[in-house]
Amino acid sequence: MKPAPFDYRRPGSLPEALEALAGEPNAKVLAGGQSLVPLLSMRLAAPAMLVDINGLPGLADITVDASGVRIGALARHADVLASADVRRVQPLVSEALAHVAHATIRNRGTTVGSIVHADAAAEMPVVLSLVGGSVEVASVRGTRTIAADDLYVGPLETSLAHDEIATSAFFPALAPGAGVAFEEIARRHGDYALCGGGAVVDGDSVRVGYVSVADVPTVVDLSGVPLGELGEAALAHLEPADDIHATAAYRAQLVRVLTERVVRAAMAATSSKENPA
Amino acid sequence: MTEELHDVRLTVNGVAHDVQVPARRLLSDALRHDLALTGTHVGCEHGVCGACTVLVDGRPMRSCLMFAVSAVDAEITTVEGLTEPDGSLGPVQQAFAECHGLQCGFCTPGFLTTITAGLRENPRPTHDECRDMIAGNLCRCTGYQNIVKAVERAAAIQQAASVEERA
Amino acid sequence: MTTKLMGTPVQRVEDQRFLRGLGRYVDDVAAGQDVLHAAVLRSPHAHARILDIDVDEVLDLEGVHAVWTYDDLAGPMAEPLPLLIPHPALSHGRTQYALAKDEVNHVGEAIAFVVADDRYVAEDAVGRIKVSYDFLPAVVGIDNARAATHLVHDDVPGNVGARLEQNVGDAPTAIEKAPHRLELDLTIERSACMPMEGRGTVARWDADINRMQVWTSTQTSTGVRAAVAVKLGLDLGQVDVITPDVGGGFGVKINHPWPEELLVPLAARTLGRTVKFTEDRREHFISSAHERGQVHHVSVGFDDEGRLLGLDVEFWHDHGAYTPYGLIVPIITSTQLLGPYKPQNYRVVFESLYTNTVMVTPYRGAGRPQGCYTMERTMDAIAQYLGKDRTEVRAVNFIQPDEFPYDQGLIFQDGRELEYDSGDYPASLEKIKALIGWDDFPTFRDSMAAAGRKVGIGLACYVEGTGVGPYEGAHVHIETSGKVKVATGLTTQGQGHATVFAQLVADELGVKFEDVEVVTGDTRRMPYAVGTFASRAAVMSGSAIHLAAKRAKEKVLKIAADALEADPKDLQIVDGVVSVKGSPGTSIDLGTVSVLSNPLRYAFDEASKAATQFSVGDPGKPPVPEDEEPGLEGKDFYSPERATFASGMHAAIVETDPLTAEIRILKYAVVHDCGHLINPMIVEGQIHGGVAQGIGGALYERMVYDESGQLLNASFMDFLMPYVTEIPDGIAIDHLETPSPLNPLGIKGAGEAGVIPSAAVFAAAIEDAEGFPITAMPISPSELFELRQTRKDTP
């Protein structure tokens, strides 16, 4: 389990990095590497070049203002999770991050990297979708913003071009009075979830995003569905599949249980917000 | 085809080492085979077991999920660096010895580095926090019972030492 | 007087090395030096004929030193690997070749061997080898093996490697006549030892002295040594096998020689370089051994009290593609299944079956977990049928303390009678009931039910034959410094042998613990040895070391008596000083005695000079009298008549989530009887580890093969070994110490015990919580959920 050979670039500036990426169609960006390196070591991926962005200045910033949370491409999960500002402005980010792998992985892995790895079994892609966030991408051709809805185009596939680097992700602030919750059921603590759910309840709007239920990050609008019927309503939009850890029927059961739990918890969070201390 | 070698300066346990490695050399392999610091062990090479955990700028990270070329600007601490300068055991090491926190010893370096950083961040962990601290490391021998005790003991040793220092 | 160390929780000496990162595991050997690294091309297919292997693209790869296929092997290396433990019932034993010849029989089977400058390049080379295959249908799982629509080996009819039947009395007739009868079908899936360190071998050929040195991560250095010598055409005396620190074994490293254990030394000799092979995790999943996969059918007849009248067990054992380790696992299941009970009449028959999956060799417990599961589930079924408490049904079937030695009338794994030496099962049962709170459980269940929560309780009993022969030996050498060097040939994988054996020597010789150094698994120090398996190290090597230390002590006392002009009977040894009892001034230290033991006395050091004041020996005899040897050494072997039988009982309380079917362990309790404890801290550590491995085996770990023979979960991401978060916070342990009459220390083995009853305990507890039978283990929440659905659908 050793990676195949690759060319390696460690640029000192973003333009340099974009240049390198543009010059090699089979290049990959290396940030935290917590998903990429195992794929390389198992030789399930063998890019011709790695563009290591860990030396780029300014990309580790976490900027929080009233509009939301902007997370730079080199901000590690652990730093985002530790930020009290992030938790205050968009608590769903913090709640979901606590479920990302183990602490040691969060020390190296980046939130933006996880978002553009686009694994439907990961937490951060669905959180971005659920809160209607976006990613800022750059290439030699310029920069653009991709809304979460336009980002995920297939299993482990985003709409980023091969020469684009996601430089930051933006999570809009939670609306005043809104509430969120996130919960997962995994075989072992820290594993990819058998099923995970995050909820945002804002007035009459009830939206739930799912982890490990579909092959792309999936959000279901459950506004107007009575408590007690949320799970079945969600399943009308989802087709949970079998894998070696769970049958489709069991996964559907977890959707029922978790949907109800996270929506109730998010509602409870709403009411607590209505009485600010 | 000759694979390109990169000049890399790795700072490990306070000592700078200059090595020439291909880009694909994993940090774990560079530590073990280029620097002969074999205390860091490799158990799975896909980031799950934690045996290879080292401190990178004080934070626990999987050395099997990093490339040596990517560790140039970092201060790395391995298990060898946890021993006191006079050769005596550091507090976490001492606690493991006292509590029988290891059997075959293969996973142990990853636990020691992880706990060292964990207690730096949280010097007075509760019992549940002690369990949490080691939740990302696999051990096949001990059933974790005595490792949890060792975390608690290490915290106690450190607290006693800091009281002594202040006195 | 020196305090006895036997029975005390002495801190481990080996930890000083491990904790500093100074352990020396096989991949650490020659680290940083100029060594070559090997990689293996493994079959991606479960069953295929090899038509052609094309290595052309490898030859021009820079840094590659050798690429071998079967055609490159000659002489004994081209013969199949040995069948280590033949058995008359193993009518169709088959073993693999070091590199596949014509056919592959499981995903992961070695096809080609590459040696290169480093492992990275070696893997590049492996990737360039092209093999063309003619695909054959794969036989996966016991049902398909039994159906035998396809065969694993053309010349093995029905895929049956062996069939073995043993009878005590006439079980079928007894069952027929019994007032009550039950039948059960019970399944256990495949799992694996999965030590944190995989296999690995380093070899160095020293052309100056025509000698091979091999370091290998094994549970038997002497076995590997003999295999390397024979396969490479070397004299035994030319081969040294050194077992370095081993990062866990749990059974998988007792099998030998693995292909790489031969190919690495061969490459070292051929290339004249140090060569290293370090197995990676994926390789460990697909090319090292598995265990546990068995299907059992039980017929049992019993009376109104639940007393067994006849027990008839038929089972099918999946041994994978090859049988290098013979029938050890199913034989152990078939005999140890009886546990602490008297079945009156017993028939057991098993078939050992070929499948196109990784071969099976013992994994901690070695067939006992399956046996215990089968027997204990039967006990639970009887209790359920009669409406009796599960502990009562067990109690009426126990062998009683006054019935030892108790002969079960069967032949055990070592070819000897299955005769239990000692035990006290009723006492253990009382202890486990108290420890888990058996009698209070109904109240607890009610209070939990009131809160909408489901809980269940289960228990299981086992008896474990430990310390099987044939022998182990030990050598004790007292140096002129007074330090004691001890060697025993079996190997160490984390059991703390350097500590417990030093405790025994310190006690027997009267020396300081820190002055004793123990070496294990080095054929240069002890060429005759068996290995570490079957919970035998403490019993076998512990006894041998005790006996060897006794011999050394006899010699110490003889020489010291001569020097001090005293009677040996009046001497004592305390902290390494021999003195006349009651006259402490008249003394001589052990180092000086060691100097005196050797008539050649150059005055190298103070000890030699100190010795000049004493006069020993008879001037009328040669300096080394007949029947004596120079030096202060003791050597002895321990070879017991038969195994000694440890026992224990485990119990657990679990909670099952009514919605998510998650299974939570609320309490786990162990009562354990391994005779006298040498180091209770280490014994408890062994139990903790066994319990955790048992929890893994019962609730998390399994080998998931698809129908084409691909292992779908060959990584730590999907093979779910428990983290701390999956193991209960605290395991209640109580000991019973029923000494063994078979060895001088009264000890029994303890290494495997913790893992034996887990499947039985959890199946029982979950069944108790759910109210329907649990007959297949391991069980996941998903499976429990599906079982609930089936119950709902078929009321």
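In chain B, α3(B) and α5(B) run oblique to each other, a class left for angles that are not roughly parallel (under 35 degrees), roughly antiparallel (over 145) or roughly perpendicular (65 to 115). Before we go on, a word on the model: it is predicted, so local features need pLDDT of at least 70 and side-chain atom pairs count only at pLDDT 80 or more, while totals for chains, interfaces and linings use all residues. Residues are numbered from 1 along each chain as its sequence is written, and chains are lettered from A and ligands numbered from 1 in the order in which they are written.

Back to our pair. Helix α3 covers residues 108-121 of chain B and helix α5 covers residues 145-166, and they pack at an angle of about 45° with their axes 11 Å apart. Axes here are lines fitted to C-alpha atoms, for helices over the stretch in contact, and angles run from 0 to 180 degrees between N-to-C directions. Helices (H or I, at least four residues) and strands (E, at least two) are DSSP runs, numbered from the N terminus. The crossing is right-handed, meaning that the near helix is turned clockwise from the far one by less than a right angle.

Which residues of α3(B) and α5(B) meet? From α3(B) come Phe111(B), Ile115(B) and Leu119(B), and from α5(B) come Ile147(B), Val151(B), Ala154(B), Ala155(B) and Gln158(B). Contact means C-beta atoms, placed from the backbone, within 7 Å. This set holds 7 nonpolar residues, 1 polar and no charged. Ala, Val, Leu, Ile, Met, Phe, Trp, Tyr, Cys and Pro count as nonpolar, Asp, Glu, Lys and Arg as charged, and the others, Gly among them, as polar.

Toward chain C, 45 residues of chain B touch 45 residues of chain C. On the chain B side, α1 (27-34), α2 (91-99), α3 and α5 each supply at least two residues, and α2(B) gives the most, with 4. Toward chain A, 21 residues of chain B are in contact with 25 of chain A. Here strand β4 (residues 59-62) of chain B gives the most to the chain B side, with 4 residues.

Finally, look within chain C. Helix α10 (residues 368-386) and helix α19 (residues 758-770) of chain C pack at about 30°, with axes 7 Å apart, which makes α10(C) roughly parallel to α19(C). Their crossing is right-handed.

Methods. Two residues are in contact if their C-beta atoms, placed from the backbone, lie within 7 Å.
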